[in-house]
Amino acid sequence: MYDRETVEMALYALSEGASYAEAAEFAGASRDAVRRWARVGPPHERRGRRGRSCARPPAAEAPRRPATMGPHDAEEAAMEEPDRAAYEAAMTENMLLRAVLDDLKGAGSHPGSISNRRKCELGERLRAATGLPLREITAFSRISKSSYEYHRARLRREGVRASEKAVRRIMREEGLEVPHARRRRRWSSYAGEASEAPPNLVAGRFSAGAPDELRVTDVAELRIPAGKACLSAVAGCCDGLPARRRVGTSPDAALADGSLLDALAGRREGARTVVHSDRGARYRWPGWVALCERHGLVRSMSAKGYSPDNAACEGFFGRPENEFLHHRDWRGVSLAEFCERLEAYLAYYREGRIKRSPGWLSPDEYRRSEGWAA
């Protein structure tokens, strides 16, 4: 036995040109039941207290109403108000079901399997198309108002709402492509075994529950015709945020020490923080070791000549290289101007560059949503 909503959804699907199999899959019913409903109509019939049928007589058998309305007629009209309200509600539901069918047709989805995020996306389209109030949209979609508002806030950025597929389609139409740097020989800071290296405490597990539990660091060299700029960054593994960074012209120990000292600002007192790096000389010299010991940091190092051991930091450096450095003409740009532009990009990376993993939020927005200092 199927409920009224299942029957109506199947009939709507058939009316839109769906086959018996497609209508059955859409409504969550058997194919035989859908074929029977299409042949003889829905099985539901309203009945009164003693089993008498409450279905209205055919139009040909209905008595004619007098031209004037007496007291009995007024009473009958008053009794029909609930039926009229139910009719209007059914028409609204009819309109919404047709919109849902248009949205899901051909996707093989059942309304019961729609996520709250998709319900919100559909609800926004329905509100724009029908002008219905939010309470009717949420009631029909079976989503609470708080969940709806939560997902609507996540979908809104600067007044523009667009799905990933829409963005990809627009990029194709405009001839836009995501640039990817070709493989090249990377600069290596390895200068031999200057001192005993600490063990690799991370072992490829770049995840943390708080910003000051695990941090990775490295130095990248960015070259332009005017010279090279060195970026030293300390990134947190809970969100991939470059906690602090410094830009200079030489990948020396002072650059690495300065970025680490900047990253210690705001660290919880007494927190056990692991700092993971490669085996570069700047992370082996006595000044770096003393700095870590003075602040209670636990050192961790990658294996010799094996960059995947510091993949989290390598991945961070790959983004400014692809998005900022490559595929641009830097001729005529001084090194000082290049460093200023790089600083502006890194500020945008923290404040405005959204990512999929934290729910399409920027690193600063994600930290604030979690109650962490940005």
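## Secondary structure and overall packing

The protein is built from 14 helices and 5 strands, as seen in a model that is predicted. Of its 374 residues, 36% count as buried. When contacts between residues at least 6 apart in sequence are considered, 62% of them join residues at least 24 apart.

## The nonpolar cores

The largest nonpolar core has 25 residues, and those with the most contacts inside it are Phe 316, Phe 317, Phe 324, Leu 325, Trp 330, Phe 338 and Leu 346. At least two residues of this core are supplied by each of β1 (214-224), β2 (227-236), α12 (311-325) and α13 (335-351), and the largest share, 6 residues, comes from α13.

Phe 324 gives a local view of the packing: leaving aside residues up to four places away in sequence, Phe 324 touches Arg 319, Trp 330, Phe 338, Arg 341, Leu 342 and Tyr 345.

## The pairing of α6 and α7

Helix α6 (residues 116-130) and helix α7 (residues 134-141) have axes that come within 10 Å and cross at roughly 140°. Because of this angle, α6 counts as oblique to α7, and the crossing of the two helices is right-handed. On the α6 side the residues involved are Lys 119, Gly 123, Leu 126 and Arg 127, which meet Leu 134, Ile 137 and Ser 141 in α7.

## Cysteines

A search of the whole structure finds 0 disulfides. Cys 120 has 0% relative accessibility and therefore counts as buried, and Cys 237, at 12% relative accessibility, counts as buried as well, since the cut-off for that class is under 20%.

Most residues other than glycine have a negative phi.

With a relative accessibility of 58%, His 327 counts as exposed.

Definitions and conventions
Residues numbered from 1 in each chain as written. Predicted model: local features only at pLDDT ≥ 70, side-chain atom pairs only at ≥ 80, totals over all residues. Heavy atoms only, no water. Disulfide = S-S within 2.5 Å. Buried < 20%, exposed > 50% of the residue type's maximum accessible area, 1.4 Å probe, protein only. Core = buried A, V, L, I, M, F, W, Y, C linked by side-chain atoms within 4.5 Å. Helix = DSSP H or I, 4+ residues; strand = E, 2+ residues; numbered from the N terminus. Contact = heavy atoms within 4.5 Å. Axes fitted to C-alpha atoms, helices over the stretch in contact; angles between N-to-C directions. Parallel < 35°, antiparallel > 145°, perpendicular 65-115°, else oblique. Left-handed = near helix turned anticlockwise from the far one by under 90°.
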